[in-house]
Amino acid sequence: MVLAFKNETFRDDFTFSNSPAAIRRFPFPFVEDKYMYSVNIEPHELGPKGSVYEFPIDIDEHYVSEMRDRALVLDADPGRCQALPHMITAQWDMLELLMTSMARDYPEHFSLTRDGNQWHWINRPLGIDHKFTFGDVATLPYQPMEYIGRQCQGDFSIQDQRDGQLWMDAGIITTQADWSLDFDVGMNFFEWHAPVPLAHQAGVFDRALKFLLNMQHGRPVRRLNWTMTINSRLDTSPENYHKWGIDRTTVTPENVGDKVHLRVELQALWRLPRSNAILFSIRCYMIKMRELATVPKWGRRLPRVLRTLPDEIADYKGLTRYRQTTIDWLSKYDDGAPTSLGGGPD
Ligand code: HEM
């Protein structure tokens, strides 16, 4: 598949937008007209051609521009990429998983040739052609997680498993929805999830952790998570809150269509073979309300979901200030007709 990469920005003038094809494949997360936290984990199996599930690692039209934005974030704040020393084997596991997936599924854009430990990686969209020795950090310009993380859409964290827990001991996180790797690094599954409302009491995290501890190599799983973002800003980190927090006060009935974005994270989890760690990918997709409303089912469903969303969840996700303005704008697309089960367009 040959992709046409867009030249766009996720800061300053915010020129990001989706092509009609990208709108069509958007992973709309609401399977019914309401939303509540649950253990929504399913096998990360290959999906229909053209969908975001076609391949384990999804590369799309935003690839080159997203990688440029990541490089800007890392230049300004190297703390967005951190790994504890015992995670080096897991870093190589991650590099192998991503390089083999990308080269297999997007051969026009990436290639990997392996002769024992001598690897040759070519990334055509980013103009990279590099020979290195697998397992020898000195032959790469960065540590393995950062090297491949700068070339793959999505944030990644790597969890070490010990004492019946998962520990966030490494990550490259530049497009996060208001949480901080620098704060969370070294924490366990319950500690980094502590700020989430309602879900702990409902037993969601107990059950999710039990499931993850038993994950097997070769059987990845996935789930969708979502929030909303004002302007197409990828880097909505606590570190930069002073730059974007104020944007939430700028939503008016006139600009909802362009300013308010549904932000969906396709999160996949893999057991890694050498380290027994778990790789967690957070692949972010954004869509403007104006774009979303071109799909009749989504235009009907989203205002219903927002209207009935528990206040605790709306507050946690930071939607409270512009929730009603957005519902009012979307309501013209809701004619009251029933919607079909599942997230896809009808
Ligand atoms: C090891 C893999 C995982 C990692 C690294 C991870 C990480 C995170 C982080 C950093 C947050 C933000 C917390 C904050 O506000 O500071 C979060 C939120 C959340 N996580 Fe996880 N998580 C993982 C797996 C899961 C799984 C398997 C579930 C399944 C139920 C889950 C459910 C949630 C929920 C419901 C939220 C709140 C999200 C929202 O409302 O926007 N997480 N996670």
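The legends below describe close-up views of a predicted model.

This is a predicted model in which local features need pLDDT of at least 70 and side-chain atom pairs count only at pLDDT 80 or more, while totals for chains, interfaces and linings use all residues. Residues are numbered from 1 along each chain as its sequence is written, and side-chain values use heavy atoms, with hydrogens and water left out.

**View 1. The open sheet has seven strands in the order S1-S8-S9-S10-S6-S7-S2.** Pairing in this sheet is antiparallel; helices (H or I, at least four residues) and strands (E, at least two) are DSSP runs numbered from the N terminus, and two strands pair if DSSP finds at least two bridges between them. Strand S1 (42–43) and strand S2 (81–83) stand at the edges with a single partner strand each, so one side of each is left without a neighbour in the sheet.

**View 2. Strand S6 (residues 155–162) runs antiparallel to strand S10 (residues 278–288).** Five bridges join S6 to S10, and Gln159 has Ile278 as its bridge partner in S10.

**View 3. The shell around the ligand holds 25 residues.** The closest are Tyr37, Trp192, His193, Tyr316 and Lys317, where a residue is near a molecule if one of its heavy atoms lies within 4 Å of it. By class, the shell has 17 nonpolar, five polar and three charged residues. At least two shell residues come from each of S6, helix H6 (189–192), helix H7 (204–213), strand S8 (221–230) and helix H12 (311–317), and H7 gives the most, with four residues.

**View 4. His193 is the single protein donor to the iron atom of the ligand.** Located in the loop between H6 and H7, His193 places its NE2 atom 2.0 Å from the iron; donors are N, O and S atoms within 2.8 Å of the metal (3.2 Å for Na, K and Ca), and sites may look incomplete because water is not among the atoms. A polar side-chain atom of His193 also lies 2.8 Å from a nitrogen atom of the ligand. An oxygen atom of the ligand is 2.5 Å from an N or O atom in the side chain of Tyr37, and one is 2.8 Å from such an atom in the side chain of Lys317.

Note on methods. A polar contact is a pair of N or O atoms within 3.5 Å; within protein, one must be able to donate a hydrogen and the other to accept it, and residues adjacent in sequence count only if both atoms are side-chain atoms. Ala, Val, Leu, Ile, Met, Phe, Trp, Tyr, Cys and Pro count as nonpolar, Asp, Glu, Lys and Arg as charged, and the others, Gly among them, as polar.
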